Amino acid sequence: MCIHSDRPSPDTAGRNRRGFLRNATLAGAGAAVAGAGVSPLGITPAFAADTARTSRTGTWRPDSTSLQFTLAVMPDTQFLYWGSQDSVNRTPQEESFRYIIRNSGRDTDNIVFMAHLGDLTQDADPSSFQQVGKAFAVLDAHGAAYSVVAGNHDVSGDDSRGDTPYLRTLGPKRFKRSKTFAGSDATGYNTAHIFQAAGRSWLVLALDWRTTDQGFAWANDVIKAHPAMPVILTAHDIVYSDYDDNVFPYESGDPENNAALSAYGQTVWDELIKNNDQIFLTVNGHYWPSGRTTKKNAAGNDVHMHITNYQNRYFGGGGMIRLYHFDLARNTIDVETINPWILAQAPESRNQLAAEHARITGPVDDFSIAIDFEKRFSSFIPVPVRPARPAAEELVKGTLAYWRFDGQGAPGTPLSAGQTIRDLSGKGNDLTAVTVPGTAADALTWSADHHPDQPGHASLKFAGGRNPLHGTYLTTGPKAPLNTETFRSGYTIETFVMMPLDWDAGSNGWAAILSRRGSAGAAGKHGKNTNPNEPVVQLAISNNGREPQFNHYPLNATYPTTNWGHGLVELKWWHLAVVNDGRYTKLYVEGAPVVDNPKRVSVGLTSLGLPWLLGGHESAGAIDIVFHGNVGDTRIVNRPLPVGEFLTAG
């Protein structure tokens with residue numbers, strides 16, 4: 001019997017090119033599968049699983065709080081279970097199950113759930129499902145979380161078909177003791193599962209090979225009943241690969257867009273996916289080669305739609321699994337495809353085909369997806385906004401100056417020359433606006449933009465630069481106490497900054513966020529790396545990838561100490577902090593120390609008794625550039641602060 005890949009045929013988008021839908025071995029439709037009185041989301045009676053081998057398996061212990069977790073997906077394993085032909089081999093699938101359990105508690109994987117995509121058997125024979133049940137008992141014996149769906153080789157017709165060997169083996173009864181099982185529809189062929197990961201709940205919908213209107217209605221109701229959960233949809237048939245498998249490695253075209261909705265997949269899209277923004281990822285088997293595409297739903301958001309299937313590979317895929325490594329810190333899903341059964345074999349004992357299939361690393365099976373999870377889920381999981389905090393709460397012991405910009409001007413309106421911003425520390429270090437001659441009136445404006453962890457929900461927007469020199473900056477008064485402070489016992493300087501898209505290295509590089517007037521030459525400084533024209537203190541943004549730099553001349557040396565940070569991307573708020581403990585100076589970006597913090601004793605900050613500048617920088621005693629970008633709350637303290645006392649933590 002020749003069995004081919006399930007690609008749609010030319011006359012219809014959902015055409016079946018395998019042509020192997022059996023009827024003979026399936027039971028008649030109409031038998032009841034859910035107990036009387038069981039609700040669509042109800043749990044059905046218990047399943048008594050056979051005892052499974054547990055050696056070398058490990059413990060199911062996923063970390064539900066880590067921002068890194070893995071969803072394992074197992075497609076069509078049908079060629080392992082052809083009972084009517086006396087051809088059954090559970091070993092590869094069981095080895096994958098042991099791998100999933102063993103790697104549930106490891107930082108590298110943290111597998112939290114496994115989804116099987118259907119076609120568990122080749123013939124839907126009861127003898128095949130008896131063996132499938134024994135394999136899945138490996139997962140049951142360890143309490144592993146998983147879902148299954150029926151494929152066209154497991155059942156015929158739609159989800160109203162009634163009793164089948166599939167349903168008796170892997171229906172709702174099997175999940176009675178599962179902590180992640182959330183219920184089934186009345187037929188038992190459509191199930192819902194909820195797993196915990198990254199500190200939140202995730203919903204998996206496992207739908208039948210052919211779902212009826214009642215099945216779609218049930219699925220829609222499940223989503224509505226869990227309005228704050230991201231949804232992963234699994235089914236046997238949704239998208240197919242629109243390129244062929246005539247050669248290997250496959251000529252996959254555009255690996256990020258080489259799949260399309262089948263005719264049935266279009267129905268799933270119209271009835272369920274399109275109008276449910278919670279569905280962000282769909283995974284199906286059935287077709288090969290593997291492929292993926294991304295479609296916009298009715299809300300205008302991306303739905304990532306993937307097909308994965310290896311039944312045409314060596315040993316029918318050998319229980320191969322695809323691992324979706326979610327990383328919410330990096331806003332990425334890294335996808336890899338492995339064969340644990342082959343990986344468990346000693347490399348020297350693998351035959352040539354096994355060696356080739358231990359890992360599948362082509363662009364359709366090993367790739368990454370960029371997803372801003374917070375933004376993508378914001379329509380149903382609103383992003384919490386941290387409220388503004390009163391200035392009084394940020395006046396820690398030793399605060400010498402605290403400037404913030406909320407409640408003083410309407411966003412978009414300018415600050416005029418001579419306008420004052422009060423020092424909230426009460427130490428008298430107020431700031432006054434100074435405009436470079438010839439500068440536009442809106443070169444310095446109030447803004448509502450701010451870092452999400454900034455105490456004050458406002459900032460100043462500087463539109464300065466050089467060539468020609470232009471902009472408005474702020475300065476302390478000539479007699480401000482801060483001007484003469486030398487910080488012998490240490491200090492902490494904090495600020496928030498964001499650069500716009502039109503930031504230019506030539507026009508805006510080396511502009512200071514904060515600086516102290518007085519040139520190094522005038523202060524008598526000399527020696528290595530000394531520029532006699534530069535300010536004695538400056539926290540600036542370099543012209544090389546927008547790297548923050550704190551360059552300062554300490555009291556105990558005639559030459560500067562320089563702390564360098566990494567490149568800061570535009571349109572993102574950054575918290576910068578400089579901390580000196582009386583001996584060493586460290587620069588922090590977002591609370592993390594940078595790599596270039598010199599192990600050089602640097603005591604205090606040199607002063608010529610001249611003012612501090614916010615947004616201004618001078619060379620040889622004259623302003624030479626004004627900052628370009630937003631500056632938020634800025635605080636100066638006369639002692640070293642731990643990260644836990646930064647403005648971001650208050």
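Predicted model: local features only at pLDDT ≥ 70, side-chain atom pairs only at ≥ 80, totals over all residues.

Trainee: Okay, where does histidine 552 sit?

Mentor: Histidine 552 belongs to strand S28, which covers residues 548-552.

Trainee: Buried or exposed?

Mentor: Histidine 552 counts as buried, because its relative accessibility is 0% and the cut-off for buried is under 20%.

Trainee: And which side chain makes a polar contact with the side chain of histidine 552?

Mentor: That's threonine 585, at 3.3 Å, side chain to side chain. Thr585 also turns up among the contacts of histidine 552 beyond four places in sequence, along with Tyr491, Val536, Val537, Pro560, Thr561, Asn563, Ser602 and Leu605.

Trainee: New topic: S7 and S8. In what sense do they pair?

Mentor: Antiparallel, over seven bridges. For a landmark, alanine 192 stands opposite leucine 205 in S8. The two strands make a hairpin with two residues between them, and alanine 198 in that turn has a positive phi of about 55 degrees.

Trainee: What about S8 and S9, parallel or antiparallel?

Mentor: Those run parallel, joined by four bridges, with valine 204 opposite isoleucine 232 in S9. To get from S8 to S9 the chain passes through H4, and that β-α-β crossover is right-handed.

Trainee: How many residues of S8 are buried?

Mentor: Five of its seven, so call S8 mostly covered.

Trainee: Back to H4, then. Why does its length agree with what a helix should span?

Mentor: H4 runs over residues 213-225, and at 1.5 Å a residue its 13 residues should span 18 Å; the end C-alpha atoms are 18 Å apart, so the two agree.

Trainee: Which residues of H4 are buried, and what covers them?

Mentor: The buried ones are Gly215, Phe216, Trp218, Ala219, Asn220, Val222 and Ile223. Their cover includes strands S6 (181-184), S7 (191-197), S8 (200-206), S9 (231-235) and S12 (279-284), plus helix H5 (263-273).

Trainee: Last one, H1. How many of its residues are buried?

Mentor: Ten of its twelve, so H1 is largely enclosed by the rest of the structure.

Trainee: What should H1 span?

Mentor: For twelve residues, 91-102, at 1.5 Å a residue, it should span 16 Å, and the end C-alpha atoms are 16 Å apart, so that agrees.

Methods:
Residues numbered from 1 in each chain as written. Heavy atoms only, no water. Buried < 20%, exposed > 50% of the residue type's maximum accessible area, 1.4 Å probe, protein only. Polar contact = N/O pair within 3.5 Å; in protein donor to acceptor, adjacent residues only side chain to side chain. Contact = heavy atoms within 4.5 Å. Expected span 1.5 Å × (residues − 1). Pairing = 2+ DSSP bridges. Right-handed = clockwise from strand over helix to strand, strands pointing away.
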